[in-house]
Amino acid sequence: MIETVISDTSLRTLLNASEISHAFDYTLFENIHLSIKERESIAILGVSGSGKSTLLHILSTLLQPNHGKVLYRGLDMYAQSNRKLLEIRRKEIGIIFQSHYLFKGFSAEENLRIASLIANKKIDPAIIEKLKISDTMQKNVSLLSGGQQQRVSIARVLIKQPRLIFADEPTGNLDKETANDVMDVMLQYVHEKRGGLFIVTHDEKIAARCNTIYRLKEKRLVPVIL
Ligand SMILES: Nc1ncnc2c1ncn2[C@@H]1O[C@H](COP(=O)(O)OP(=O)(O)OP(=O)(O)O)[C@@H](O)[C@H]1O
Ligand SMILES: [Mg+2]
């Protein structure tokens with residue numbers, strides 16, 4: 001297991017969110033502060049409907065909050081032009097969605113090749129091996145199990161080598177052992193690339209592997225010690 005001492009002061013802040021509030025039909029959260037440092041992994045727990053995915057979308061360039069700022073390496077994300085925001089999202093941010101949005105009708109390998117072409121980055125065969133999806137490469141993704149599709153979508157995100165990874169229940173469809181393997185891959189990635197990981201999960205054992213754990217509860221982020 002990879003242990004990162006995040007009190008190391010040479011590790012810089014990648015993301016800094018302050019005073020974040022957001023409501024749809026009702027207020028989901030208010031005055032949330034959160035930062036992600038290089039090599040830091042943050043897990044968010046919370047009941048269904050508490051707003052975890054919404055917070056992930058706000059922090060990952062996808063949704064402007066009603067109130068508050070999100071700074072990516074000092075740059076105010078939602079003050080940027082659409083074009084600049086897209087560029088940050090494309091180059092720096094990797095998002096693993098709750099529903100994985102693979103290109104249906106294409107094989108797993110084709111899905112990865114498309115990501116590799118768009119990002120202009122080589123496919124690292126070690127990622128495919130570590131995620132144990134080598135056998136799925138030639139299959140149409142529609143024929144893969146939910147857990148296999150999830151792992152292909154994780155590989156697709158890692159291939160573009162983002163600085164920050166946002167993962168929305170990335171181990172939801174996986175057995176314990178495979179879930180741990182997936183965590184190994186993501187934690188090793190952020191360690192090696194001095195990246196950051198923000199993961200939403202219902203699984204306390206998975207959350208416990210992260211440096212920092214919060215529960216989204218009563219509109220606040222409450223620090224959790226597991
Ligand atoms: N685009 C939207 N428009 C209107 N309401 C929305 C939108 N997105 C989310 N919501 C509402 O916000 C609330 C929180 O949704 P969110 O998806 O953030 O919850 P969650 O904590 O991720 O839940 P789960 O654990 O089930 O994934 C829900 O009541 C949902 O219906
Ligand atoms: Mg969700």
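A: Arg194 is partly exposed, because its C-beta atom has 15 C-beta neighbours inside 10 Å; buried means 20 or more other C-beta atoms within 10 Å, exposed means 12 or fewer, partly exposed is in between, and C-beta atoms are placed from the backbone. This is a predicted model, in which local features need pLDDT of at least 70, side-chain atom pairs count only at pLDDT 80 or more, and totals for chains, interfaces and linings use all residues. Residues are numbered from 1 along each chain as its sequence is written, while chains are lettered from A and ligands numbered from 1 in the order in which they are written.

Q: Where does Arg194 sit?
A: Arg194 is in the loop between H6 and S8. Helices (H or I, at least four residues) and strands (E, at least two) are DSSP runs, numbered from the N terminus.

Q: And what is its phi?
A: Arg194 has a positive phi of about 50 degrees, although it is not a glycine. It comes just after H6.

Q: What about Glu169, where is that and is it buried or exposed?
A: Glu169 is in the loop between S7 and H6. It counts as buried because it has 20 C-beta neighbours inside 10 Å. Glu169 also has a positive phi of about 50 degrees without being a glycine.

Q: Back to H6, then. How far apart are its end C-alpha atoms?
A: They are 24 Å apart, which agrees with the 24 Å that the 17 residues of H6 should span at 1.5 Å a residue. The expected span is 1.5 Å times one less than the number of residues.

Q: Which residues of H6 are buried?
A: Ala179, Val182, Met183, Met186, Leu187, Tyr189 and Val190. They cover an arc of only 155 degrees around the axis, so they are on the same side of H6; the arc is that of the directions from the helix axis to the C-beta atoms. On the other side of H6, Glu177 and Glu192 are exposed.

Q: What covers the buried residues of H6?
A: The cover includes strand S3 (41-45), H5, S7, strand S8 (196-200) and helix H7 (204-207).

Q: How many residues are in the largest nonpolar core?
A: The largest nonpolar core has 59 residues, and those with the most contacts inside it are Leu59, Ala155, Phe166 and Met186. Helix H6 (residues 176-192) gives the most to this core, with 7 residues. Such a core is a set of buried Ala, Val, Leu, Ile, Met, Phe, Trp, Tyr and Cys residues joined through C-beta atoms within 7 Å.

Q: What does Ala155 touch?
A: Leaving out neighbours within four places in sequence, Ala155 is in contact with Leu112, Ile127, Ile128, Leu131 and Ile133. Contact means C-beta atoms, placed from the backbone, within 7 Å.

Q: And Ala167, buried or exposed?
A: Ala167 is buried, because 27 other C-beta atoms lie within 10 Å. It lies in strand S7 (residues 164-168). Beyond four places in sequence, Ala167 touches Ile96, Met186 and Ile199. Its C-alpha atom is 6.3 Å from that of Val200, 33 residues apart along the chain.

Q: Let's switch to H3. Which of its residues are buried?
A: In H3, Ala108, Asn111, Leu112 and Ala115 are buried. They fall within an arc of 95 degrees seen down the axis, so they line one face of H3. These buried residues pack against H5. H3 is followed by Asn120, whose phi is positive, near 60 degrees.

Q: Where is Met137?
A: Met137 is in the loop between helix H4 (125-130) and helix H5 (146-159). Apart from neighbours within four places in sequence, Met137 is in contact with Ser107, Ala108 and Glu109.

Q: Last topic: which residues are around ligand 1?
A: Phe24, Leu28, Gly46, Ser48, Gly49, Ser50, Gly51, Lys52, Ser53 and Thr54, each with its C-beta atom, placed from the backbone, within 6 Å of the ligand. Helix H1 (residues 52-59) gives the largest share of this shell, 3 residues.

Key:
Two residues are in contact if their C-beta atoms, placed from the backbone, lie within 7 Å.
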